[in-house]
Amino acid sequence: MNREQKTPSASETVISTAGLARNFGHTQAVKGVSFSVAEGEVFGFLGPNGAGKTTTISMLCTLLTPSAGEATVAGYDISSKRTEVRRSIGLVFQDPTLDEYLTAIQNLRFHAYAYGMPKRVRDERIYELLTLMELWDRRNSSVREYSGGMKRRLEIARGLLHHPHILFLDEPTLGLDPQTRHRIWKYVLDLRRREALTIFLTTHYMNEAENCDRIAIIDEGEIVALDRPEVLKDSLGGDVVTLRVEDAEAAAAELFARYELSASIETDSVRFKLPRAEEFLPGLIRSFSSKILAATVRRPTLDDVFLSLTGHSIRDDRPAANQQLRRYLNTPGMKQQLS
Amino acid sequence: MRQTLRGIWVIAYRELLRFARERSRLASSLGMPIIFMVVFSEGLKRQIGALAVGVDFVKFMYPGIIAMSVFINAIFSGLSVVWDREIGFLKEVLVSPLNRSGVVLGKALGASVIALFQALVMLALAPLFGVPLSLRIVLELIPIVLVLAFSLAGFGLLIGSRMRSQQSFQVLVQMVVFPLTFLAGVFFPVNNVPRWMEIVSKLNPLTYGVDAIRRIFLADEISAAMRASSHPIIGVTVFGHTTTTIEDVALVGLLGTALLAGAIFSFNRHT
């Protein structure tokens, strides 16, 4: 993977970071990340909970001061030009940030006032976005009466209201059902076609990451890979074969002895990578001496990429780290570092 | 500067919108002073005679209740910050280009307008309690209520900028704000209580706020009482000097300015 080639040229770069890091006490949440995002790109941060995704996004959005490193967003330094950065970005947070006692329209108007939008532009834009998000008919309902998916759509509409150059989406579809998730993606990709919008998102859903032009895989505060999703998957070198066996240890040993395949061992199965596995499998099954109970072959996913890079699955949620961060953030003394 | 002004009106606008949409809050904040008024005046009317010439207990307590309702409403501006933090809405505000000073002042303005509205509702009920009204009273009350409300909002916001949960804010209100309110001379004249309570009351800034509002309603009675004695039973006398309305308002206003500045500083640092 040639990272230099993938890095957009300086003229069209809208986000660039160099050694951006953030500590919480002795915990290094983000350990110096460097990347750049081109204009019009959908750029994803993929990683498990607690990997440092939200911390990175919070720094880029000026809600958190970096402990080290620097970054520019829309051409403005995130530390010295905060107001300009804030004006250039739209943000959809992971946790809800709507005022549920107000109606959709009132929430959007508040946003328009806060960003100083002229009245004519504002009303047209509200109509346009609420129609796009299919919320226009419910514009005068209290947000309290909205479903989770409707709220998220309203948050996205609000994030886009002031014509930001860059839209930040922190886990935009967390906790939504697959159908709603699919719809939200349809809107987001639609929007990106209609306006010259750059989208920076974080996710721990694999299929969501597939929608990105490029993804950075982040684990324990570090970027372990950065490229287009297909390139990352191709880099694994073939299909993923999973054999459910009676004795995983013995099967792995046999695979290595006979075919020089190094398989990873899970409780009742072994997994290895191989090009054109469907042609190889019949022969293997015929002559394998360990008992095979089931065999599956599939194209590699980003989860496999993640597993091969980090040695653990992205689904192994490690809430402990995340909760630690939350607890830390809730200590009043620590707030002084937030700005 | 433009961002500060925008912040003030946008935030104040939302505070008022919220207030108007939350019927229960409207009802409860009006209900409490009215209940105090009715229960105490009816309950004690026969026990307590005139406190000074021409001042019966109801006439004495009524301005105090208005002051109390202004204090409570203003301090609740801090609760509104804590609430916004809990529901996440504060993030929407913090990531917007509005600056922090504007946000703090907007919360204070919103709370002050709400406090004024409630004072005016109480004022409209004055005839029911047999309290005489005049145009002078209304015109004097408005600016003084706004100054007191802004000052107390400074206190509420200073606390709110540090608190993470509504519960802890409520506890603080019960442990600090209620005692201070009760010791501010709402229900009794602070010149005529046991020595220790007199000292505590006269160190309590809220006392001067209550006195400022009481002076509007009892202007004639207080000057008559002062003529009769250098130690009048109503009004606040410190070291032999009975404070004037201007002094009362200036004292609370200066303290409030300091508290608001503190709230802005704290908000800038901690959020």
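This is a predicted model: local features need pLDDT of at least 70, side-chain atom pairs count only at pLDDT 80 or more; totals for chains, interfaces and linings use all residues.
Read from the N terminus, the elements of chain B run α-α-α-α-α-α-α-α-α-α-β-β-α. The radius of gyration of chain B is 19 Å, close to the 18 Å that the globule rule gives for 271 residues, so chain B is as compact as a globular protein of that length. Along the principal axes, the C-alpha atoms of chain B fill a box of roughly 60 × 40 × 35 Å. Buried residues account for 50% of the 271 residues in chain B. Among contacts in chain B with a separation of 6 or more, 82% are between residues 24 or more positions apart.

Ile48(B) sits in the loop between α2 (23-44) and α3 of chain B. Between the C-alpha atoms of Ile48(B) and Val58(B), which are 10 residues apart along the chain, the separation is 9.6 Å.

Chain A has 13 helices and 14 strands. Of its 339 residues, 40% are buried. Residues 24 or more positions apart make up 70% of the contacts in chain A with a separation of 6 or more.

Six strands of chain A form an open sheet with the order β6-β7-β8-β3-β9-β10 and mixed pairing. At the edges of this sheet stand β6 (89-92) and β10 (222-227) of chain A; each has a single partner strand, so one side of each is left without a neighbour in the sheet. On average, and with direction ignored, neighbouring strands of this sheet are turned by 15° against each other. Helix α6 (residues 148-160) of chain A packs on the sheet, where it touches β6 and β7 (166-170) of chain A. The direction of α6 makes about 165° with that of β6(A).

β6(A) and β7(A) run parallel and are joined by four bridges. Within this pair, Leu91(A) has Phe168(A) of β7(A) as its bridge partner. Both faces of β6(A) are covered, with Ile89(A) and Leu91(A) buried on one side and Gly90(A) and Val92(A) buried on the other. Towards the other end, strand β9 (residues 214-219) of chain A and β10(A) run antiparallel, joined by five bridges. There, Ile215(A) is paired by a bridge with Asp227(A) in β10(A).

A further open sheet in chain A has four strands in the order β2-β1-β4-β5, with antiparallel pairing. Its edges are β2 (27-38) and β5 (76-77) of chain A, each with a single partner strand, so one side of each has no neighbour in the sheet. Strand β1 (residues 13-24) of chain A runs antiparallel to β2(A), and nine bridges join the two. Along this pairing, Ile15(A) stands opposite Val37(A) in β2(A). Helix α2 (residues 53-60) of chain A lies across β1, β2 and β4 (68-73) of chain A, running at about 120° to β1(A).

Where do the chains touch? In all, 23 residues of chain B are in contact with 26 residues of chain A. On the chain B side, α1 (2-21), α4 (89-94) and α11 (245-270) each supply at least two residues. The most comes from α1(B), with seven residues. By class, this side of chain B has nine nonpolar, four polar and 10 charged residues.

The largest nonpolar core has 153 residues, and those with the most contacts inside it are Ala157(A), Phe168(A), Val70(B) and Ala149(B). Helix α3 (residues 57-87) of chain B gives the largest share of this core, 17 residues. Leaving aside residues up to four places away in sequence, Ala149(B) touches Val70(B), Asn73(B), Ala74(B), Ala111(B), Ser112(B), Ala115(B) and Leu116(B).

Methods
Residues are numbered from 1 along each chain as its sequence is written. Chains are lettered from A and ligands numbered from 1 in the order in which they are written. Two strands pair if DSSP finds at least two bridges between them. Axes are lines fitted to C-alpha atoms, for helices over the stretch in contact, and angles run from 0 to 180 degrees between N-to-C directions. Two residues are in contact if their C-beta atoms, placed from the backbone, lie within 7 Å. Ala, Val, Leu, Ile, Met, Phe, Trp, Tyr, Cys and Pro count as nonpolar, Asp, Glu, Lys and Arg as charged, and the others, Gly among them, as polar. The radius of gyration is taken over C-alpha atoms; the globule rule is 2.2 Å times the number of residues to the power 0.38. A residue is buried if 20 or more other C-beta atoms lie within 10 Å of its own, exposed if 12 or fewer, and partly exposed in between; C-beta atoms are placed from the backbone. A nonpolar core is a set of buried Ala, Val, Leu, Ile, Met, Phe, Trp, Tyr and Cys residues joined through C-beta atoms within 7 Å.
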